[in-house]
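You asked for written comments on the structure before our next discussion. They are set out below as numbered points, for reading beside the sequence and the coordinates.

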Amino acid sequence: MTLYGVGLGPGEADLVTVRGKEVLRNADTVYSPGRLSRTVAIEHVDESKIGNLDFPMTKDEEKLRSAWKEAAAAIAPNALDGDVAFVTLGDPNVYSTFGHLRRTVTAFHPDVDLEIVPGVSAVTAFATALDVEIEAGAGLSLREAANGVSPAGPDRMILFKVTDAPATHEGLVEAGYDVTYGRRLFMEQGETVVTDDPDAIDERDYYTLAYAERNDLAEQATAVFGRETGDSPESTSEDSAPSDTSAADGGTAVELERAEGCEHGDCGGHR
Ligand SMILES: C[S@@+](CC[C@H](N)C(=O)[O-])C[C@H]1O[C@@H](n2cnc3c(N)ncnc32)[C@H](O)[C@@H]1O
């Protein structure tokens, strides 16, 4: 029997993979580390199958180790008797609490079989939500930008944990980046916001990321299409306007929900 780490995707229930859905349906118990992942999971399994366990959210390494040992000790017998699932938002192997469980179970309960079902990660979902294309040959780095930090260096970066967008923005612009922010992308809970105006998302919400691209990058050869009227008989000046201006107009007026993220456990064990 098996312990499955199941990636639920960014938050909309129909972005759970077919395989993930199947595993959840067949699992005897489904453990969820937070409120948001639980909300997605119960779209696919009866609430009575959700296991009750406290998952540690602490930076204290000693407490973290002992809490995960406790959690693993509670889960392991069920995974030897039947199939159990541990769900995470996004992908279980990307910035996820599942890593702590996997390491602890492997070390202390080696008889438990482990299998991971990948999920749609914010690392890829952002591109569609922000209308960004990462062209073939382009480099892309994943960084954290919590508490106003502004990482710099790579041509293109996805920044997770953008908790102080105005401060992060200042540093990025100074370092020569164009930045677009995405909050609660493909999520049913809370408002989705896509904007290049950091002041529109100055209230902290853990489920916020940014895409930063150096503003001196060379264009792709086909980028001229739609800009040069001579290339296409149909082309007009409107061709260069983005079809959805929400990411570029810097001011989608939305009511923002209060930050909740880590308080409900849908984040990495270290905050
Ligand atoms: C601990 S990481 C979890 C990543 C997740 N395992 C994944 O693969 O997408 C949490 C960070 O991912 C980003 N994130 C995850 N889901 C998001 C979403 N639906 N919308 C915007 N940002 C998201 C935020 O920056 C958040 O602070």
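Predicted model: local features only at pLDDT ≥ 70, side-chain atom pairs only at ≥ 80, totals over all residues.

The points that follow pass from the whole chain to the ligand shell, and then to the strands and helices.

1. The secondary structure of the protein amounts to six helices and ten strands. Of its 271 residues, 37% count as buried. When contacts between residues at least 6 apart in sequence are considered, 66% of them join residues at least 24 apart.

2. The ligand shell. The ligand is surrounded by 26 residues, and the closest are P10, G90, V94, S121 and A122. Two or more residues of this shell come from each of α5 (122-129), β8 (177-183) and β10 (208-214).

3. The five-stranded sheet. An open sheet is formed by five strands in the order β6-β7-β10-β8-β9, with mixed pairing. Its edges are β6 (141-144) and β9 (193-195), each of which pairs on one side only. From one strand to the next, the twist averages 20°. Within this sheet, β8 and β10 run antiparallel and are joined by seven bridges; V179 has A212 in β10 as its bridge partner.

4. Helices against that sheet. Helix α5 packs on the sheet and touches β6, β7 (156-160), β8, β9 and β10. The direction of α5 makes about 70° with that of β10. Helix α6, residues 165-174, lies across β8 and β10 and runs at about 155° to β8.

5. Is β4 (residues 84-88) enclosed or open? Five of its five residues are buried, so the strand is largely enclosed by the rest of the structure. V84, F86 and T88 point one way from β4, whereas A85 and V87 point the other way, and all are buried. This can be set beside a general rule: in a regular strand the side chains alternate between the two faces of the sheet.

6. Partners of β4. Strand β1 (residues 2-7) pairs with β4 in the parallel sense over five bridges, and L3 stands opposite V84. Strand β2 (residues 29-31) also pairs with β4 in the parallel sense, here over three bridges; the bridge partner of Y31 in β4 is F86.

7. Residue F98. This residue belongs to helix α4, which covers residues 98-108. Why does F98 count as buried? The reason is that 24 other C-beta atoms lie within 10 Å of F98, and the cut-off for a buried residue is 20 or more. Leaving aside its neighbours within four places in sequence, F98 is in contact with G5, F86, T88 and P92. F86 and T88 are among the residues of β4 described above as pointing one way. F98 and V6 are 92 residues apart along the chain, yet their C-alpha atoms are separated by 9.0 Å.

Technical notes
Residues numbered from 1 in each chain as written. Near = placed C-beta within 6 Å. Helix = DSSP H or I, 4+ residues; strand = E, 2+ residues; numbered from the N terminus. Pairing = 2+ DSSP bridges. Axes fitted to C-alpha atoms, helices over the stretch in contact; angles between N-to-C directions. Contact = placed C-beta atoms within 7 Å. Buried ≥ 20, exposed ≤ 12 C-beta atoms within 10 Å, placed from the backbone.
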